[in-house]
Amino acid sequence: MKKAVFLVRLWIWFSLRQLRSQYWRTLTVLLGIALGAAVFTSVRLAVNASVDSFANSMDTLAGKADWTVVTPGARVPEGLVAALQKHPAVETASPLLSTYVRPAGNGGEPFLLIGLDPISDRDMRQWSSTGTSERGSSWLTLMRTPYTLLPGEKLSERWHKAPGDSITLEHAHRTVDFQVTDILEPEGLALAEGGGIALTDIATFQEFTGLHGWVDRIDLRLKASAQNDAARSIAAMLPEGTVLEKPSEARESGKLMVRSYRLNLSVLSFVSLFVGMFLIFSLVSLHVTSRRHEMAVLRSLGASSRLLFFLFLLEGAFFGVVGWVAAIPLSSFLVRRLVEQVSATVSHLFVRVQVDQLPLDPLEAASSFALTLFVSLLAAIQPAIEARKVHPREVFLRHASRENGSPAPYCLALLGALLILTVWPLVRLPAIHGVPLSGYLATFLLFCGFSLLSPWCLHLLGSHLPPLLQHVGGQPAYLGGRYIRDSGARMALSVGALITAVGLFVALVIMIHSFRGTVELWVEQSISGDLFLRPKMSEINRYRDPLPPQTVQLLQDLQESVEIVPYRRIFLTYEKVPYQFEALDLSRLRHHASLLFLQGHPENIFRELEARDGILISEVFANQTGLGVGDHFTAQIEGTKLDLPVLAIFRDYRTQGGTVHYPLERFTKKSGDTSWSGARLFLKHPGEDLEAAALALKNEILTRSGDQAQALEVTTGRDLRRIILRIFDETFSITSVLLLIALLAATLGITTTLATFILERSRQLHTLLAVGASRTQVRTMIIWEAVLMVITGEGIGLCCGFFLSYLLIFVINRQSFGWTFIYSVDWTALWISLPLILGTALFAALPASQLVFQRPASQVLRE
Amino acid sequence: MASIFRVQVYLTDKASRRLPLLLCFLAAMVMLMPCSSRAETSYRSVAGPCHLEFPRDHGPHPGYATEWWYYTGNVKSGSGSPFGFQLTFFRHQFVPPGDETGWPKLPSAWRTPQIYIAHLALSDIMEGTYRHVEQMARGAVGLADATSDLEKTSVFVKDWSLEIRHEDSIHHLTAVAEDFGMNLILSQEKPPVLHGQNGYSLKGKAADSASCYYSLTRMSVHGDLVVRGQSIPVQGSAWMDHEFSTAPLESDLLGWDWFSLQFSDRTELMIYLLRQKDGGMSPASSGTFVDASGTTTALVFQDIAVEALDHWQSPHSGGSYPVRWAIKIIPLKMELTIAAQLKDQEMNTPGTTRITYWEGSVSVKGNGKDGKPVTGEGYVELTGYDKPLNLP
């Protein structure tokens with residue numbers, strides 16, 4: 001203990017004073033590490049808030065259920081409730097229905113309407129009302145009076161409705177006036193979906209949605225005395241196609257979809273912290289370099305080499321701890337801005353979330369602190385080891401130069417090349433539990449490998465370029481080049497920050513460009529159609545409500561002028577992997593659109609599909625399930641068992657899992673399900689103005705639908721494609737923000753790195769001044785050094801970025817999300833941004849170049 | 001009468017649901033019935049002769065707000081271990097007749113005007129334990145119902161059921177809970193006893209403050225009890241009450257004491273005492289004596305004298321209940337001492353219901369009709385001892 005106190009006191013005298021005296025540099029490093037920690041923490045908190053919101057909603061909805069009875073792709077007959085309730089092992093069987101509905105009129109935000117039996121549900125889920133209802137027992141009013149509901153506090157506030165008020169709600173099929181019976185207390189079930197729910201009686205729900213005779217699921221709570229085989233016995237009494245699942249399965253399935261997004265965002269946010277690590281390394285290195293004499297004095301006074309090691313390690317810890325503390329207000333600022341965007345992205349792409357609170361998870365805070373501290377200590381280790389090498393005799397060698405024990409540049413280059421080569425076998429390894437660990441490791445190795453190449457590259461540049469530079473920039477350029485040649489291995493890590501940031505920038509630019517290009521192609525080819533028609537809120541209700549029969553009839557009446565491609569979309573899971581089963585009229589679709597097949601000619605594939613019974617699966621589904629062409633896909637859908645070969649794999653970029661396409665005609669024949677989830681319409685005679693013709697058709701459909709029109713969502717093909725691409729762009733906006741922050745940290749790194757080098761050789765620079773060099777020449781020389789350093793960093797970063805982009809597209813994306821893209825480089829963006837990065841980095845170098853003139857040359861030389 | 005003013009059931013406590021369900025008259029009117037005057041008047045009321053006919057009136061009486069079939073009994077196992085049991089089925093109509101016209105044109109199968117509740121309790125006298133549990137379900141989609149036809153009357157709530165075979169007046173009770181249950185056959189040994197004026201049982205000053213009320217005061221029992229998974233064959237005697245009404249309880253009442261006693265001389269006695277908030281007894285308190293042949297003698301308030309001899313304080317609710325009584329039926333010269341076979345027979349269900357009441361097996365000794373020595377067993381129900389009933 002005494003030793004620790006002594007170490008801290010010594011550190012305060014020896015290091016903290018030094019840091020205080022160089023407060024701008026200290027603040028820069030602290031800002032860098034704080035930015036990294038803040039980004040990492042806030043991104044994690046924002047993503048966690050979204051995931052937790054979803055998980056909490058699912059848990060709250062599941063209540064105390066031990067098991068849930070569901071029919072994949074369909075609903076459960078309500079008659080099962082009584083049968084299950086009479087099973088000797090069942091304590092409670094509680095039916096549940098839910099759907100998203102919204103207040104009538106434009107702009108009404110959808111909310112989750114839950115239909116339940118208040119009596120059966122009493123042992124299953126916790127909820128209560130505020131009791132302001134005049135009738136006292138609001139649950140009974142729900143049962144007694146049709147079209148009454150209990151909204152959560154948030155909804156009632158949003159609607160400005162009090163008990164007794166009316167509100168008109170619209171569902172896919174109907175619009176009905178509801179009466180607010182009472183307000184739910186903000187507890188239990190009322191907190192699901194961030195409080196955006198309303199409860200109604202199961203009878204009202206069925207009457208509103210037309211789901212007479214059906215429930216979404218039946219939650220079961222078993223008796224404590226239930227035998228182990230109770231589940232099997234219950235399952236045995238279920239009709240074919242209806243299964244018993246653990247309630248956690250729906251939650252886990254949703255979390256599985258978000259997991260990759262969460263992980264990738266976390267890794268991306270870690271880059272800022274990773275870049276911050278270079279800043280600490282630079283500054284601690286600078287201190288070790290510039291204070292060798294003082295360290296030698298300490299050693300001669302009895303300080304052990306171990307003490308010096310810990311002294312500089314403590315400096316790293318100081319940056320970690322203070323940087324993390326400084327990150328708190330930054331995180332608080334960032335997280336509020338990020339959470340909205342992250343939750344919107346998660347809702348758009350995966351599962352609907354409503355984040356109503358940002359809980360500060362102590363574990364998350366602790367892990368963020370631990371990671372920041374770890375990264376800081378890691379950054380300080382190498383300089384601290386360097387400090388350990390200081391010998392007491394150096395006290396007599398006031399100007400002794402540091403022993404250069406660094407390995408030769410080519411050795412480092414060999415090591416770097418080896419690391420880069422290691423990436424090759426790594427990327428071939430499969431993901432572990434869906435996490436592309438080998439991909440992330442490969443990314444790290446790429447960064448390290450390319451950073452280690454930099455001394456050799458600098459050496460090459462410094463060896464061969466100076467004569468040429470002399471022609472261009474005179475002696476300063478020549479000397480700058482020579483210094484770069486001799487800068488040694490330490491520069492590898494200093495330039496590493498820039499390499500990391502630029503590499504990531506280039507990789508993401510390429511990845512996003514490739515992604516967008518492929519999605520555009522997919523949208524144009526696969527999401528073709530002049531008009532798209534589906535029930536309202538189909539997306540958030542997962543297409544559980546088919547088109548009304550009147551609408552189907554209306555569409556069929558239009559067949560003279562319009563080619564109709566109907567589809568039936570069902571959300572399912574295949575061995576716990578969520579996917580969409582889509583039966584569609586492929587024979588008609590192929591006349592107007594195509595699928596982006598990974599292999600094979602579309603015509604041949606469609607011909608084969610006509611000849612034999614089989615399915616087409618998306619690349620995502622193939623990668624997530626391991627199914628390939630020729631394999632057999634088995635599923636129980638709406639009570640119909642399918643066992644079909646996979647005929648081809650196509651590209652698909654729907655985010656809610658993979659997709660399985662099956663000809664609608666065959667599905668209808670096997671399942672007897674003739675309903676349509678929606679339809680694409682192709683105008684047979686569009687005329688010159690396709691958009692105007694599509695709009696005219698839309699108006700005609702809405703007019704002829706009469707009252708049904710309010711239940712339909714009709715979008716022109718152009719609008720739909722625009723919406724998809726807008727969502728795509730919004731999704732990547734957060735990536736761009738994180739990238740900019742990483743670049744900012746890297747720029748700070750350049751300032752610090754240059755400052756390090758300048759201070760390290762201030763005697764050398766002042767000698768130049770003393771022998772006649774002008775200040776401008778010295779400044780120009782430093783600028784040339786910076787130019788060479790940044791160009792080297794950018795060049796290597798560019799190479800690293802190309803490798804990384806391949807890794808992101810074909811390894812990490814495939815392992816995380818299941819999809820890959822058509823590789824395409826956005827040269828324009830790169831041509832514009834790389835000089836900009838160069839300019840910014842050089843601008844950041846200017847303050848460093850001024851450092852050399854802070855002290856008089858005579859004083860420096862005298863010392 | 002058994003439970004006419006008895007049960008104020010809530011779906012859960014405030015922490016979880018705060019959903020009151022009152023099964024007594026007043027609560028039914030105040031809490032469960034719609035507020036409109038049209039609705040209030042649309043329930044059928046008991047304001048005169050009930051014209052009870054059997055087996056027809058074993059069946060349900062929709063249109064009246066509240067109805068119950070109430071069974072209590074004392075049985076013994078083959079080894080002589082005594083048990084007391086209670087199984088009650090309640091029907092509550094929470095939508096007045098005629099309100100169905102306001103329902104959607106194509107109503108859901110879940111839309112119903114009826115709720116059913118059942119209480120099950122078992123007193124293991126030898127072991128000294130009291131078990132109780134309850135069920136509730138809406139009268140729809142096969143979860144609960146009460147029906148009657150020429151052959152039988154059926155009432156069920158989930159998997160608990162009562163079936164009365166009309167041909168031979170056999171009552172079949174089945175109810176199995178987590179760690180106890182029963183499967184009993186009850187045979188009617190005496191004709192139905194119509195309380196009050198031929199079943200028209202006045203409970204207050206107004207003519208419609210009344211119920212239709214009859215009892216099967218002596219039924220032989222055989223069958224099985226299930227205790228901790230073990231089936232125990234038993235035999236004994238049971239009592240059945242069937243009552244329906246719409247009228248509310250008077251507002252000045254604190255609670256009630258109800259006694260159903262079966263004597264060794266094959267006579268029976270039912271009395272109910274309505275305790276007022278001022279400490280006195282309501283003049284509406286009354287009773288019925290049934291002799292061995294089934295002939296009844298109506299008892300009025302002045303005929304009955306009851307004195308509590310011992311009390312027991314519940315560790316669960318804090319309520320102090322009488323557990324030993326001295327009862328005199330003055331015109332019949334009956335002097336009886338009644339004692340609880342178990343002190344703790346308190347039905348306290350804060351998690352699902354808010355009512356706390358004592359419902360338990362009792363033993364009797366003393367002098368029966370005309371002072372002849374008798375012994376016997378029965379059931380007593382006590383309400384409003386932990387706190388006044390939540391009656392306005």
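**Exercise 1.** State how many helices and strands chain B has, and what share of its residues is buried.

*Solution.* Start with the secondary structure: chain B has 2 helices and 25 strands, where helices (H or I, at least four residues) and strands (E, at least two) are DSSP runs numbered from the N terminus. Next take burial, for which a residue counts as buried if 20 or more other C-beta atoms, placed from the backbone, lie within 10 Å of its own; of the 392 residues in chain B, 55% are buried.

The model is predicted, so local features need pLDDT of at least 70 and side-chain atom pairs pLDDT 80 or more, while totals for chains, interfaces and linings use all residues. Residues are numbered from 1 along each chain as its sequence is written, with chains lettered from A and ligands numbered from 1 in the order in which they are written.

**Exercise 2.** Describe helix α24 of chain A: where is its kink centred, and why is it called largely enclosed?

*Solution.* First locate the helix, which covers residues 775-816 of chain A and has a kink of about 40° centred on L808(A); the bend at a residue is the angle between axes fitted to the seven residues ending there and the seven starting there. Finally, look past its end, where G818(A) follows with a positive phi near 95°.

**Exercise 3.** Find how many residues of domain 2 and of domain 4 of chain A are in contact.

*Solution.* Domain 2 spans 64-246 and domain 4 spans 531-685 in chain A, the bounds coming from an automatic or database domain assignment. Counting residues in contact (C-beta atoms, placed from the backbone, within 7 Å), 12 residues of domain 2 of chain A meet 14 of domain 4 of chain A.

Definitions and conventions: Buried ≥ 20, exposed ≤ 12 C-beta atoms within 10 Å, placed from the backbone. Contact = placed C-beta atoms within 7 Å.
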